[in-house]
Amino acid sequence: MLDDNCIFCKIIKGEIPSYTVYEDDEVKAFLDISQGTPGHTLVIPKTHVPDIFAYDEDLAQRVFARIPKIARAVRDSNPDIIAMNIVNNNGEVAYQSVFHSHFHLVPRYSDHDDFKMIFKDNSNQYNDAAYQQIQQHIIDHLEA
Ligand code: 5GP
Ligand code: ZN
């Protein structure tokens, strides 16, 4: 269930203090120490799973179901919050640094606050066949 060497498991157990904003049997939500923007909050399952690939449907239901309520509370906590990015990093290359799955709720204040995400448009490098090949490879790997 919990991993003795994991910093977020230690936060769940209360061995490391956190500024908790919501907690129930399934999840804990607390302020990210970095405060990328004011109100930056992490939502974590109360069981040690390293990343999204380790979720089963049941855990996903239990964790994801709670995110909108927490997101609304973060948004409503400050009238200057006009938007929110919800980010989930999986793997070091994807900027994951703590290997206990977590969702970042990053309140947004303007298009020049301290948060950036870049989605590059590479569509000019793709034709119908290329899209279809990728589509098929993904379909082929869906679990039953
Ligand atoms: P990742 O880079 O894995 O997506 O995000 C990990 C996040 O955990 C970082 O934003 C980092 O600031 C946060 N973090 C790391 N250690 C602690 C801690 O001890 N307490 C809290 N509240 N946040 C932490
Ligand atoms: Zn953990």
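Four donors count as tetrahedral if all their angles lie between 85 and 135 degrees. I note that cut-off before anything else, and also that this model is predicted.

**Entry: the zinc ion**

I looked up which protein atoms hold the zinc ion (ligand 2). The donors are SG of Cys6, SG of Cys9, ND1 of His48 and ND1 of His100. They lie 2.1 to 2.3 Å from the zinc ion. I then checked the angles that the four donor atoms subtend around the zinc ion, and they run from 107 to 115°, so the arrangement is tetrahedral.

Next I wrote down the spacing of the donor residues in sequence, which is C-x2-C-x38-H-x51-H. I found His48 in the loop between strand S3 (41–45) and helix H2 (57–64). His100 sits in the loop between strand S4 (83–87) and strand S5 (103–108). The pair therefore ties together parts that are 52 residues apart in sequence.

Are these two histidines buried or exposed? I read a relative accessible area of 23% for His48, which is partly exposed. For His100 I read 0%, and this residue is buried.

**Entry: ligand 1**

I then went through some polar contacts. A nitrogen atom of ligand 1 is 2.9 Å from a backbone N or O atom of Leu31. The side chain of Asp32 has an N or O atom 2.6 Å from an oxygen atom of ligand 1. For His104, I noted a polar side-chain atom 2.8 Å from an oxygen atom of the ligand.

Last, I looked up the cover: on its own ligand 1 has 520 Å² of accessible area, and the protein covers 82% of that.

Terms used: Residues numbered from 1 in each chain as written. Chains lettered and ligands numbered in written order. Predicted model: local features only at pLDDT ≥ 70, side-chain atom pairs only at ≥ 80, totals over all residues. Heavy atoms only, no water. Donors = N, O, S within 2.8 Å, 3.2 Å for Na, K, Ca; no water. Tetrahedral: all angles 85-135°; square planar, octahedral: opposite > 155°, others 65-115°. Helix = DSSP H or I, 4+ residues; strand = E, 2+ residues; numbered from the N terminus. Buried < 20%, exposed > 50% of the residue type's maximum accessible area, 1.4 Å probe, protein only. Polar contact = N/O pair within 3.5 Å; in protein donor to acceptor, adjacent residues only side chain to side chain. Areas by Shrake-Rupley, 256 points an atom, 1.4 Å probe, with all protein chains shown as cover.
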